[in-house]
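Me: Please take me through this structure in questions and answers.

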Amino acid sequence: TISDVTSITEGIVLQRSKDFVGLRDYALYDSGALAIPAWTSATFKFRSMCASSIPLIPCIPNVSWKSNGPDEALRANTQVGHCWPTPGSTGRLGIALSHGVIISHLTIDHLPGELAPDISTAPRQFTLWGYHPIAPDDPEIEDGLVRLAQGEYDIGSGSHIQTFPIFEAAKDLNLSFVAVLLEVQSNWGSLDHTCIYRVRIHGTPI
């Protein structure tokens with residue numbers, strides 16, 4: 001019936017309007033999270049290449065174009081160009097969380113492959129560390145940093161938004177963390193720079 005079709009359509013629209021991850025993000029800039037400069041890699045500076053063949057448009061060599069800072073990776077806007085670029089194939093992003101959190105998952109967002117100008121700049125191998133100012137005495141913990149997760153963002157996956165659980169051993173510590181450090185150890189081939197569109201941290205606030 002028409003009412004059934006209307007109900008199904010409204011359900012689809014409602015579902016698509018929601019974030020399908022369905023987990024609160026404690027690394028969200030708009031909720032108070034911030035990048036930690038001392039823990040974070042430099043921002044890549046884009047430059048003109050003077051390769052334009054468009055008539056009447058002059059090319060100015062060695063001009064730096066404005067790049068987004070690391071806080072861009074903590075925002076919900078993941079449209080083309082709204083990423084934080086860092087030089088080379090590796091990088092670090094330190095994040096002061098909006099709350100102390102017992103962390104359960106990490107989510108990394110990138111563009112879908114068909115929309116990305118250069119998918120080779122997507123992060124690949126990564127490690128997530130959590131910072132606890134009074135971490136227990138444990139040989140696996142260095143300067144308050146606890147290794148929480150390690151994995152690979154897969155550009156061949158069916159989803160460009162990928163969520164990873166933290167290690168069971170880290171869960172067993174039952175610690176709340178006030179900050180995290182994401183280490184990107186490789187990307188998908190670009191030697192120029194790596195683009196991080198969004199990093200999310202999920203868990204239970206304390």
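Reply: In this predicted model, local features need pLDDT of at least 70 and side-chain atom pairs count only at pLDDT 80 or more, while totals for chains, interfaces and linings use all residues. Residues are numbered from 1 along each chain as its sequence is written, and side-chain values use heavy atoms, with hydrogens and water left out.

Me: Which residues is H202 in contact with, leaving aside its neighbours within four places in sequence?

Reply: Contact means heavy atoms within 4.5 Å. On that basis H202 is in contact with V21, L23, R24, D25, Y26, V101, I102, I103, S104, H105, L106 and T107.

Me: Is H202 buried or exposed?

Reply: Buried means under 20% relative accessible area, exposed over 50%, and partly exposed in between (1.4 Å probe, protein chains only). Because the relative accessible area of H202 is 1%, this residue is buried.

Me: Which backbone oxygen does the side chain of H202 reach?

Reply: The separation is 2.9 Å.

Me: Which residues have the most contacts inside the largest nonpolar core?

Reply: A nonpolar core is a set of buried Ala, Val, Leu, Ile, Met, Phe, Trp, Tyr and Cys residues joined through side-chain atoms within 4.5 Å. The largest has 31 residues, and those with the most contacts inside it are I95 and I103.

Me: Which residues does I103 touch, not counting residues up to four places away in sequence?

Reply: I103 is one of the residues with the most contacts inside the largest core. The residues it touches are L97, L148, I166, F177, V180, I201, H202 and G203.

Key. Polar contact = N/O pair within 3.5 Å; in protein donor to acceptor, adjacent residues only side chain to side chain.
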